[in-house]
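I opened this notebook to keep track of what I looked up, one topic at a time. The entries follow the order in which I went through them.

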Amino acid sequence: MGKIKNLQRLNIVFESLSIISVRKTALLGITLFFIISLAIGLRTYGLSWDQGYDYTPHPDERAILMKVAEISLPSANNIQEVIDADRSSLNPRWFAYGSLPIYLLKVAHFGYSAVLDVDLHDLRIIARSISVLADIGTLITVYFLGSRIYGHREGIIGALLLALAVLHIQLSHYYAVDTLQALFALCAIFFMYRLAREGRVMDSVLSGGFIGLGLATKFSQIPIYIPFLMAQLIYLIQSFRKSHDSGVSLGGQLKLALIRLLAGVGASAAVFVLAQPYALLDWSTYAKDLAEQSEMVRRIRDYPYTRQYVDTPQYWYHIRQLATWGLGLPLGIVCWISVLWAAIKGLRFSAALIYIMIGLALPALMLSLSTSLIVIIVATIIATVALALTIPFRSSRSYMDLILLSWVIPYFLITGALEVKFLRYLIPITPVMLLLSARMLVTLWESAGDRFSYLRPILASLFILLLGSTGAYSLGYMAVYSEPHTAVRTSEWILANVPSGS
């Protein structure tokens with residue numbers, strides 16, 4: 001009888017735990033649905049606010065729309081022309097951006113026009129819808145990445161902060177590849193995390209595939225290979241520690257690591273060629289356009305639209321602009337602090353100081369003096385090696401922070417040193433920074449614990465203030481889209497008030 005009662009009690013406990021688990025899952029699902037709905041609403045409101053301005057007032061979006069109009073599918077009789085760069089109707093002959101966004105929009109236009117007749121002027125809405133979907137995809141990836149690395153709270157908070165991020169709201173209202181670039185970067189990092197945890201070749205291939213998609217969207221995504229290498233290194237270190245238990249020799253571990261590395265790099269190269277074939281087939285044009293963009297961002301070439309950045313400070317300009325306008329205060333401050341916090345977390349004061357001087361200050365100083373290719377490579381290597389050398393001082397749980405940091409830090413060191421400083425250049429790293437912010441906030445809450453429980457009401461109030469101010473800024477920003485574009489309103493006023501022909 002006693003055994004039966006014990007079994008009954010165990011069944012009751014298991015049933016109770018199952019009910020709690022189901023309720024928790026349902027609550028998470030409802031919360032995530034609310035966040036996604038909020039993000040969609042903020043990103044689709046006023047999506048056509050500039051209707052009446054031919055080819056859109058955004059110069060990069062306009063250039064992409066025009067290239068989409070110029071390319072066409074070859075006929076069945078002339079399919080062999082596809083590999084002829086000079087004759088191919090699929091060759092955009094323009095590589096300021098990657099070809100993938102152009103082809104993606106062309107496919108969407110082709111499918112949509114099969115049902116409705118859509119001219120180029122209306123194509124902006126289709127394009128911006130793709131941009132919105134890409135940013136929502138980034139938000140969902142942030143949730144899953146944060147949930148896997150840290151926990152559901154971090155994933156939810158990171159997704160909520162991204163939903164309210166004005167920089168992402170703004171760039172979702174245009175089709176200028178930025179939201180696609182962020183999506184492919186986050187998806188690649190998600191599979192890098194899985195690679196670092198499990199060491200599966202398929203995860204290396206998948207992360208490499210998303211790297212290829214990112215490079216076919218914008219070549220400035222090239223530093224994404226750094227966290228890819230960091231993920232490979234982290235799993236290799238963990239494999240060495242487990243080698244005695246697994247029975248796999250050191251040589252065997254290195255061989256498996258090489259297979260994973262080559263599989264990922266091969267996948268990235270294959271996907272890049274498939275998504276942007278004329279980078280190879282029309283190499284001269286591709287190389288020329290890349291060189292032009294490289295010289296533009298360093299102001300070796302002078303363009304009217306880059307003169308606004310003359311005499312603007314390196315690094316600090318981006319830090320201030322993202323904090324003030326891209327995210328709004330105080331979230332922007334929290335975001336930058338969280339990166340530094342994650343970089344030195346777990347290090348002793350002396351070790352943290354050495355890392356900051358060698359891993360951050362030295363590469364930044366080098367790039368401030370020169371942004372030549374050699375200096376960029378050397379400075380990036382120093383920053384990456386310095387970050388990798390902190391591995392022995394970290395707990396195994398915080399290893400995954402290194403994957404995120406090895407994307408944010410080298411990318412920002414390079415981008416922040418450039419003479420041209422469009423704020424949208426930072427969108428590939430802002431989702432990761434917001435996730436690190438969520439992690440820091442949750443850690444502060446947990447650190448209060450029972451011993452400092454009196455601090456929790458203060459922390460809760462500050463968190464509410466953070467969300468409230470960020471939400472107010474994002475809602476205030478939406479006023480931009482509540483009226484027609486200023487150029488459209490100006491044109492309407494002129495037509496109504498200025499005599500014809502004057």
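**Helix α17.** I began with how far α17 is covered, and found that 19 of its 19 residues are buried, so the helix is mostly covered. I noted that this is a predicted model. The helix runs over residues 399-417, which makes 19 residues, and I read a reach of 28 Å from its first C-alpha to its last, close to the 27 Å expected at 1.5 Å a residue. I also looked for a bend, and α17 has a kink of about 30°, centred on Leu-405.

**Ala-388.** I then turned to Ala-388, which lies in helix α16, residues 373-388.

**Aromatic pairs.** My next search was for ring pairs, and the structure holds 18 aromatic pairs. One of them is formed by Phe-190 and Tyr-193, a tilted pair with 6.5 Å centre to centre and 50° between the planes. Both residues lie in helix α7, residues 178-198, where Phe-190 and Tyr-193 are 3 residues apart, about one turn of the helix. An α-helix has 3.6 residues a turn, so residues three or four places apart point the same way. I marked both Phe-190 and Tyr-193 as buried.

I set down another pair, Phe-422 and Tyr-425, which is edge-to-face, with 5.6 Å centre to centre and 80° between the planes. Phe-422 is buried, and Tyr-425 is buried as well. Elsewhere in my list, ring pairs link Phe-95, Phe-272, Trp-283 and Tyr-286 into a cluster.

**His-168.** My last entry concerns His-168, which I placed in helix α6, residues 166-172. His-168 counts as buried because its relative accessibility is 0%. Which side chain does the side chain of His-168 join in a polar contact? I found Asp-135, with a polar contact of 2.7 Å between the two side chains. Leaving aside the neighbours within four places in sequence, I listed the contacts of His-168 as Arg-43, Asp-135, Leu-162, Ile-427, Thr-430 and Pro-431.

Note on methods: Residues are numbered from 1 along each chain as its sequence is written. This is a predicted model: local features need pLDDT of at least 70, side-chain atom pairs count only at pLDDT 80 or more; totals for chains, interfaces and linings use all residues. Side-chain values use heavy atoms; hydrogens and water are left out. Helices (H or I, at least four residues) and strands (E, at least two) are DSSP runs, numbered from the N terminus. The expected span of a helix is 1.5 Å times one less than its number of residues. The bend at a residue is the angle between axes fitted to the seven residues ending there and the seven starting there. Buried means under 20% relative accessible area, exposed over 50%, partly exposed in between (1.4 Å probe, protein chains only). Rings of Phe, Tyr and Trp (its six-membered ring) pair if their centres lie within 6.5 Å; planes under 30 degrees apart count as stacked, over 60 as edge-to-face and the rest as tilted. A polar contact is a pair of N or O atoms within 3.5 Å; within protein, one must be able to donate a hydrogen and the other to accept it, and residues adjacent in sequence count only if both atoms are side-chain atoms. Contact means heavy atoms within 4.5 Å.
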